[in-house]
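Please keep the sequence and the model open while reading.

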Amino acid sequence: MNIILERKGQELKQSTLKGKMERVPSLSTSPLLNSSCEKFRKIKANSICKSCYSVNSLGIYKNLRSMLAVNSEILSQHLTDDEIKRAARGIHSPLSGLFRFESHGDILNEAHLNNLVRIAALRPDISFALWTKRYSLAENYFDKHKKPKNLEVVYSSLLLNRPINKERFNHCNKIFTVYSKDGVKQKGVTINCGGKKCNDCRFCYTGTGPQHINELIK
């Protein structure tokens, strides 16, 4: 974990990730403190959020839970221009040049999204990607604000085996959908996420490759 901003006695930290996201650091918030995440987990339909790996992880790793809680508190507030500059300087991605926003939670509010966009805009040397299920919040925000060229916005499908329609939106770069084995057979889709590490694939971070990213549920 790397401190990227000290603010009012609290520390905003980026995470070092493993598995397919090895060498791709992340700045995330807590799904336990996000009302939208809580609502999505309660959907009776086949919501992918019901099997949230992050919620399960936070029940085990107390230090991670505490870190993401502090990140949530800081990022949900409007950060001054000076604080954004300091946070942008603190971002590190020396091994890949890639950086993920929200590998655990989701956008909390417009202030949170605005903070992330401003950070990305100050680091054109890094390719950022943001995953979100809060489509309306993101669409409304980017209707009014310019998206940095080095930021890819990925809309995650809420339901298992049910990709959302990209044509409904104006500002997402890719659609990310999780499938079951039965869903893959029924839909006839190609799984194109998981066979490589993100640092080797780079589709979600650089605007390359297919617009629909499909992953097999773990």
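In the protein chain, residues 24 or more positions apart account for 69% of the contacts with a separation of 6 or more, a contact being heavy atoms within 4.5 Å. The model is a predicted one, in which local features need pLDDT of at least 70 and side-chain atom pairs count only at pLDDT 80 or more, while totals for chains, interfaces and linings use all residues. Residues are numbered from 1 along each chain as its sequence is written, and side-chain values use heavy atoms, with hydrogens and water left out.

**Overall fold**
- The protein chain holds nine helices and eight strands, which are DSSP runs (helices H or I, at least four residues; strands E, at least two) numbered from the N terminus.
- Along its principal axes, the C-alpha trace of the protein chain spans about 50 × 35 × 35 Å.

**Burial**
- Of the 218 residues in the protein chain, 51% count as buried, meaning under 20% relative accessible area with a 1.4 Å probe and protein chains only.

**Cysteine 172**
- Cysteine 172 lies in the loop between strand 6 (151–156) and strand 7 (174–179), and its relative accessible area of 6% makes cysteine 172 buried.
- Leaving aside residues up to four places away in sequence, cysteine 172 touches Glu139, Lys147, Val153, Tyr155 and Lys166.
- Lysine 85 is 87 residues from cysteine 172 along the chain, and the C-alpha atoms of the two are separated by 26 Å.

How values were computed. Buried means under 20% relative accessible area, exposed over 50%, partly exposed in between (1.4 Å probe, protein chains only).
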